[in-house]
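Here are some notes for reading this structure. They are meant to be checked against the sequence and the 3D view.

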Amino acid sequence: MSNEELWKAVLGEMELTLSRANFTTWFKNTTIVGRDKNYLIVSVPNGFIKEWLENKFNKKILQSIRVIAPEIREIRYSIGKPKVELIKQDFSKMVLDKELEDKSDQPFDAEIDKVTNLNKKYSFESFVIGSNNELAHAACVGVTKNIGRLYNPLFLYGGVGLGKTHLIQAVGNKISENKDRKVLYIPAERFTAQIVEAILNKTIEDLKTQYAKLDLLIIDDIQFIAGKVKAQEIVFSTFNELYGRNKQIILSSDRPPKAIPTLEERLRSRFEGGMIADVNSPDLETRIAILKQKLIGKNIELSEDILGYIATHIQKNVRELEGALNRVIAFSQIYNKIPDIKETKNILNTYLSAPYRKTSPQSVLKSVADFYNISLADLVKRSRKKEVVKPRQIAMFLLREETKLSFPEIGQKLGGRDHSTVIHACEKIRSESAVDEPLKQELVLIKERVYSSFDK
Ligand code: ADP
Ligand code: MG
């Protein structure tokens, strides 16, 4: 395999595990410029990137190189002239629309409408219905048939990568087929950022007026407004404004309204006042149907065996399922052949193990703090605040389960606590989670965050 192909494969792999902004930041204008028996020389644009690749990504890069070229033991990074041509060819969109690259996490082929923020690829046609999402799907279709009047607001919740964004954008796309209707899709984080900016620019009234003109407002991942007073206030007033005129509101979250901490009561009761539907993990049959759906237009045919193999081994999260499928597709493009079962197994093994599945104590701590909406400092310090006691026990438990830290090391990370305190906390959470369904669910959600925050 040529250096070019080898690096292309590495980039393909990194692209799958990193956000777009991260990927372009660290891998733009990198290329292999030299190769010896046991090492490669990779050229990078500057010292800053060299340092990052050496310290943060070297292991992962080496790992993915060694799948293809096991003899390579080392990578040397050299600051040099970027080979823009190669990158341009392979990732032309990425290089060309430099404007977008630091702002968006959308996939490269994203076709995002400038006015509505909707991505055309999310349609009802491309959504596979299973028992895991039947209710949510039906509610979404219901909204398109009777906007503003049937289920208002519609609140979808469920874990990461299970199709919430897909469904709510499908509603948006359907509704905006009628050009007279004003639709806006916005992730809650961006919504909050807009508000902060508008406050600074003293344009908050303009912003409110804009929201009030909408026929359909879709706010994704609404749990992010928890604890943000001004954002909640604007959501509340916008909500009342729209609701009062039978305009439709759709919200999504990783958990039901009552489980969002520090959400104002008045908002919670508004969110609970319409239709609430959950999405869960798909069963095997649905996972296979999703894989088939994702293959449409991809110009590659995979046998039932292979699809079955992928679907059997990736169960929780549709985004991961898609990621695995993309790996298999990438393989077939690079080697110009359809992988057999054994090769598929290899491809999935590297996908399922590190680097994708790796985490760090810091990421566990941050995920716990974020989930409970407390500061990292409160979580790890000796504070005795009541609201941090349980999160801290959960942090201890997850550090034990998800990282290699010992009990004393965990105690160290959490304000110098004694190892017996840690053991006690771990046992407590373990036994409680066996019988306490909401707690079990919380642990699942936090773990999802831990692993999806890998590149943050
Ligand atoms: P969430 O918002 O719940 O985290 P997304 O809507 O972003 O999840 O879904 C992750 C990926 O999985 C998307 O690419 C989406 O198209 C796909 N997906 C999830 N569920 C389905 C489904 N039932 N049919 C087809 N694609 C799906
Ligand atoms: Mg989403």
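This is a predicted model: local features need pLDDT of at least 70, side-chain atom pairs count only at pLDDT 80 or more; totals for chains, interfaces and linings use all residues.

1. Just past the helix, asparagine 373 has a positive phi of about 60°.

2. An α-helix has 3.6 residues a turn, so residues three or four places apart point the same way.

3. Next, ligand 1. Which residues come nearest to ligand 1? Out of the 18 residues around the ligand, they are Val128, Gly161, Thr165, His166 and Glu322. Sorted by class, the shell holds seven nonpolar, seven polar and four charged residues.

4. Some atom pairs at ligand 1 deserve a look in the viewer. A backbone N or O atom of glycine 161 is 2.6 Å from an oxygen atom of the ligand. For leucine 162, a backbone N or O atom is 3.1 Å from a ligand oxygen. Lysine 164 instead brings a polar side-chain atom, 2.8 Å from an oxygen atom of ligand 1. Taken alone, the ligand exposes 560 Å², and the protein buries 94% of that area.

5. Where does the shell around ligand 1 come from? Helix H8 (164-175), helix H13 (284-295) and helix H15 (318-335) each give at least two residues to it. In terms of domains, domain 2 (113-279) and domain 3 (284-352) each provide at least three.

6. Is asparagine 117 buried or exposed? With a relative accessible area of 19%, asparagine 117 is buried, because the cut-off is under 20%. This residue sits in the loop between helix H6 (98-101) and helix H7 (134-145). Its side chain makes a polar contact with the side chain of arginine 190, at 3.5 Å.

7. Glutamate 134 belongs to helix H7. Its relative accessibility is 48%, so glutamate 134 counts as partly exposed.

Definitions and conventions. Residues are numbered from 1 along each chain as its sequence is written. Chains are lettered from A and ligands numbered from 1 in the order in which they are written. Side-chain values use heavy atoms; hydrogens and water are left out. A residue is near a molecule or strand if one of its heavy atoms lies within 4 Å of it. A polar contact is a pair of N or O atoms within 3.5 Å; within protein, one must be able to donate a hydrogen and the other to accept it, and residues adjacent in sequence count only if both atoms are side-chain atoms. Accessible areas come from the Shrake-Rupley method with a 1.4 Å probe; for residues, only the protein chains shown count as cover. Helices (H or I, at least four residues) and strands (E, at least two) are DSSP runs, numbered from the N terminus. Ala, Val, Leu, Ile, Met, Phe, Trp, Tyr, Cys and Pro count as nonpolar, Asp, Glu, Lys and Arg as charged, and the others, Gly among them, as polar. Domain bounds come from an automatic or database domain assignment. Buried means under 20% relative accessible area, exposed over 50%, partly exposed in between (1.4 Å probe, protein chains only).
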